[in-house]
Amino acid sequence: MEFDWSVVSNNIPALLEGARLTVFITVVGLAGGMAVGLLFGLMRAYGNSLVNGIAFIYVELVRGTPIVVQVMFIYFALPVVMGIRVDALTAAITAVIVNSGAYIAEIVRGSFLSVPKGLREAGLALGMPVWRVLAFVVGPVAFRRMTPPLGNQFIVSLKDTSLFIVIGVGELTRQGQEIMAATFRAVEIWSAVAIIYLILIGTMTAILRIIEKRMRIL
Amino acid sequence: MSMIEFKSVSKSFGANVVLDKVDLSIDQGEVVVLIGPSGSGKSTLLRCINALEEINGGDLMVDGISVRAGKAKVREIRLEAGMVFQQFNLFPQLTAIENVAFGPRQVRGMSKTEAVKLAAELLAKVGLAERMNNFPNELSGGQQQRVAIARALAVKPKVMLFDEPTSALDPELRQEVLRVMQALAEEGMTMVVVTHEIGFARQVGTRLIFMENGHIAVDGPPRELIDNPPNQRLKEFLQHVE
């Protein structure tokens, strides 16, 4: 069998464009997912039964359905039910926000609740209001404990963007598919795509390592 | 006016009655030592004072403020009543001096320079000037507890509450904590101390309270009560702890 690697070098610009979009969807999606996850995680951890219940339903709906179904719903079903029409890129980013938000909510809840109760009491005993105790006493410890599971979620979300091929967003996997359709060089193209994913995730892992090293996990 | 006033205070956890209509008045400058078997309600009584436990019946006034007067008032009480915990509960992400400077910055609106200066003074007072920049996990239990005392003092409370401050410490580390507490008592600080340290009660305490089943069973001058227990249960209890 012969390999023709020129098909990869000829298509580098398209692949890099796909990688750029993958990174963009991941970064914007995870930034939103962090905000959503923090909110819903705190609702789960400290909310009254109503607030907790709302957050619980959100988390279960998202965790109980595949991300492909979620993005299809956002892209194809929302226009029908609610008349909201969004472009494919917006649908993809929204899907990452909604999906990672639910998983991050559970990470946030777990880490806040894992902080020893005594720290919260020590903060309260100083006369601090509850929100300050959460923000300045429990929060800093919880955030350190969050980094390993968050890193995991970031990697999963980055790879999940490959599923947005189903709505035609021109991310990395989609670019690979299109080059494939034109050249039929499966081994070369999919090797190149896999290597680019490895580089992206390797970079992400390296950054997370540095952050973890700079913070003492408590 | 008394500093702390329990008026028929009750507290239960579910069906379990931990404090049963307790009346107690503590004046400024008193060093009250609370002893009693485990489950007798002494820690709960202490934690009701700064509203870490919510009372179910009666009323409790600290420096004229009721613990039932709402969140804002409860925070005022907590500013007046510093607390030292059995497990120290230092903030692990902060150094010793940051732990002590934290309270005044958060709740007294003190500037960073001022708070750090105060924290350095307090750490010197508890004998830890050398260890200011260490994190809690780099300190011994006794040192951590002394930082915790300094942290509580930094908010300038009128009363100090101690919840078994030496129970988590090895015997040889207890004295360094007890000495700091004694110095504090000698300065006239009002103190309520839950402890098993009978020596401390005798030497430093101005009043000894023996609790049993959610009641105050015996209340009087420590030396007398320890030397001649008026109550068989207290006598047995003292034999057990000494």
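In the predicted model, B:Asn89 is buried, having 24 other C-beta atoms within 10 Å. This residue belongs to the loop between strand 6 (81–84) and helix 3 of chain B. B:Glu164 is situated in the loop between strand 7 (159–163) and helix 6 (171–186) of chain B. Because 20 C-beta neighbours lie inside 10 Å, B:Glu164 counts as buried; the cut-off for this class is 20 or more. A positive phi, near 60°, is also found at B:Ala51, which follows helix 1 of chain B.

Helix 1 of chain B, spanning residues 42–49, is largely enclosed by the rest of the structure, because 8 of its 8 residues are buried. The buried set comprises B:Lys42, B:Ser43, B:Thr44, B:Leu45, B:Leu46, B:Arg47, B:Cys48 and B:Ile49.

Helix 3 (residues 96–107) of chain B packs with helix 5 (residues 141–154) of chain B at an angle of about 25°, and the two axes are 7 Å apart. Helix 3 of chain B is therefore roughly parallel to helix 5 of chain B, as angles under 35 degrees fall in that class. The crossing of these two helices is right-handed. On the side of helix 3 of chain B, the contact involves B:Ala96, B:Asn99, B:Val100, B:Ala101, B:Gly103 and B:Pro104, which meet B:Val147, B:Ala150, B:Arg151 and B:Ala154 of helix 5 of chain B. Classified by residue type, this helix–helix contact contains 7 nonpolar, 2 polar and 1 charged residues.

Helix 3 of chain B also takes part in the contact between the chains. That contact draws 16 residues from chain B and 16 residues from chain A. On the side of chain B that touches chain A, helix 2 (71–80) and helix 3 of chain B each supply at least two residues. The residues on this side of chain B divide into 8 nonpolar, 6 polar and 2 charged.

In chain A, A:Leu50 is located in helix 3 (residues 49–63). A:Leu50 is classed as exposed because 9 other C-beta atoms lie within 10 Å, the limit for that class being 12 or fewer. The C-alpha atoms of A:Leu50 and A:Leu163 are 34 Å apart in space, and the two residues are separated by 113 residues in sequence.

Definitions and conventions:
Residues are numbered from 1 along each chain as its sequence is written. Chains are lettered from A and ligands numbered from 1 in the order in which they are written. This is a predicted model: local features need pLDDT of at least 70, side-chain atom pairs count only at pLDDT 80 or more; totals for chains, interfaces and linings use all residues. Axes are lines fitted to C-alpha atoms, for helices over the stretch in contact, and angles run from 0 to 180 degrees between N-to-C directions. Helices (H or I, at least four residues) and strands (E, at least two) are DSSP runs, numbered from the N terminus. Angles under 35 degrees count as roughly parallel, over 145 as roughly antiparallel, 65 to 115 as roughly perpendicular and the rest as oblique. A crossing is left-handed if the near helix is turned anticlockwise from the far one by less than a right angle, and right-handed if clockwise. Two residues are in contact if their C-beta atoms, placed from the backbone, lie within 7 Å. Ala, Val, Leu, Ile, Met, Phe, Trp, Tyr, Cys and Pro count as nonpolar, Asp, Glu, Lys and Arg as charged, and the others, Gly among them, as polar.
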